[in-house]
Amino acid sequence: MGPAEEKIERDPFDNLEDPDHTAFASSPSASKVRPFNFEPTVVDFRSSSAFNIRRMSRSIYFVLIKAKINILLPFGPFAILLHYLTGHHGWVFFFTLLGIAPLAERLGYATEQLAFFTGPTVGGLLNATFGNATEMIISIYALKSNMIRVVQQSLLGSILSNMLLVLGCAFFTGGIAHYQKVQVFDKAAAVVNSGLLLMAVMGILFPAVLYFTHSEVHEGKSVLSLSRFSSCIMLVAYASYLFFQLGSRQNVYSPVNEEGDSGENSDEEEELELSQWEAIAWLAILTAWVSILSGYLVDALQGASESLNMSVAFISVILLPIVGNAAEHASAIMFAVKDKLDITIGVAIGSSTQISMFVIPFCVVVGWCMGKEMDLNFQLFETATLFITVLVVAFMMQEGTSNYFKGLMLVLCYLIVAASFFVHVDPKSGDD
């Protein structure tokens, strides 16, 4: 009896660190002792609950509070309140723009956190995709409202903004920060992106030329048919480009792992702050909130044009893309100051490539499925602007070097484009 008693006193959960309790299970007296010890279960439940609350508070802090741009988040609900209380389209449009700006940046942040779990290649593609999520959501809402010209002009404006304003500001600030040296970037990757942009110009140019030369085989139908066919070809080309990047030794979307990235640079990179499922959940929440605000933004667009005395073309090409590209703008400048121009090129030019070769054809196909006559006829003025912009940027990047003067020229070119659209009247404004 003595040895048995000693075993019973010694046996219950003798090894608490053993998750399977194998030592306890092997005891002949395990069935007697196990039902009487409930305390470990209670302690585990309390600590798990406290841990979940701490984790949730930490996640909310990192996503909604930590970043300085989050000070603009309350403007989103405020814009919705104004919509129902006053109906003043100008103020609703302005505050909705302010409310969407931090959401675009936070989408980029959540995607970067998810990239820690997916790896650099898939993470880079996710970053490029969700970086343009705002433009895609706004475009789909505008398509549902049959505002085809707004879709075309806002996507065109995103390309122009990324190639001239974002890249120009990045080159300028990087050149000022590194005044004594010549900043260099991978010329081969820039040439590939330039080629894709020229292909996009070709896809957009021919429907416009066909329309304005009145050389359609079936008047009123050939331009739409050509646009849909060209969009499918452009989507195939972009998919091939992604396959090429994923299979090649150098990935345009993940230039972080390059020769200059050693321990010193890794310290500057963003730390892991969210778990995988937290990042996915925040991506879903932020995307849903952007969708809600985009609906109010599109509804207020026409009224804002009248109350602000600005053309819909200027608002679509200049104002909307500045908000949608806020995240790209900030990150491109930051990497240029850190002398990581390959990442800057990937952000600015890579985003332009994705909009021109994926988002625009995707919108044509979505419009096709919705029964909307979305085509690639962007009108002569917009098509000529895009063509000249792609040529200017291609010439700027052909040497694989940058300086503050190149950046200044790109920004000045953007000011000329902005002034041109300010005095431009859309000949098909009735479609809006």
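Reply:

Ser356 is found in helix α16, which spans residues 341–370; helices (H or I, at least four residues) and strands (E, at least two) are DSSP runs, numbered from the N terminus. This is a predicted model, in which local features need pLDDT of at least 70 and side-chain atom pairs count only at pLDDT 80 or more, while totals for chains, interfaces and linings use all residues. Residues are numbered from 1 along each chain as its sequence is written, and side-chain values use heavy atoms, with hydrogens and water left out.

Is Ser356 buried or exposed? Ser356 counts as buried because its relative accessibility is 2%, where buried means under 20% relative accessible area, exposed over 50% and partly exposed in between (1.4 Å probe, protein chains only). A polar atom of the Ser356 side chain lies 3.1 Å from the backbone oxygen of Thr353.

Leaving aside residues up to four places away in sequence, Ser356 touches Ile159, Leu197, Ala200, Met234 and Pro361; contact here means heavy atoms within 4.5 Å. Ser356 and Met234 are 122 residues apart in sequence, yet their C-alpha atoms are 8.8 Å apart in space. For the protein as a whole, 80% of contacts between residues at least 6 apart in sequence join residues at least 24 apart.

Ile159 is also touched by Ile360, whose other contacts include Leu155, Ile204, Ile355, Leu376 and Phe378, again not counting residues up to four places away. Ile360 brings us to the largest nonpolar core, which has 95 residues; Phe93, Leu167, Ile349, Ile360, Val393 and Met397 touch the most other members. Such a core is a set of buried Ala, Val, Leu, Ile, Met, Phe, Trp, Tyr and Cys residues joined through side-chain atoms within 4.5 Å. Helix α9 (residues 148–177) gives the most to this core, with 15 residues. A second, separate core has 5 residues, among them Phe62, Val63, Tyr109 and Trp282. In soluble globular proteins, nonpolar side chains tend to be buried together.

To set this in context, the protein has 18 helices and 2 strands, and buried residues make up 48% of its 432 residues.

How values were computed
A polar contact is a pair of N or O atoms within 3.5 Å; within protein, one must be able to donate a hydrogen and the other to accept it, and residues adjacent in sequence count only if both atoms are side-chain atoms.
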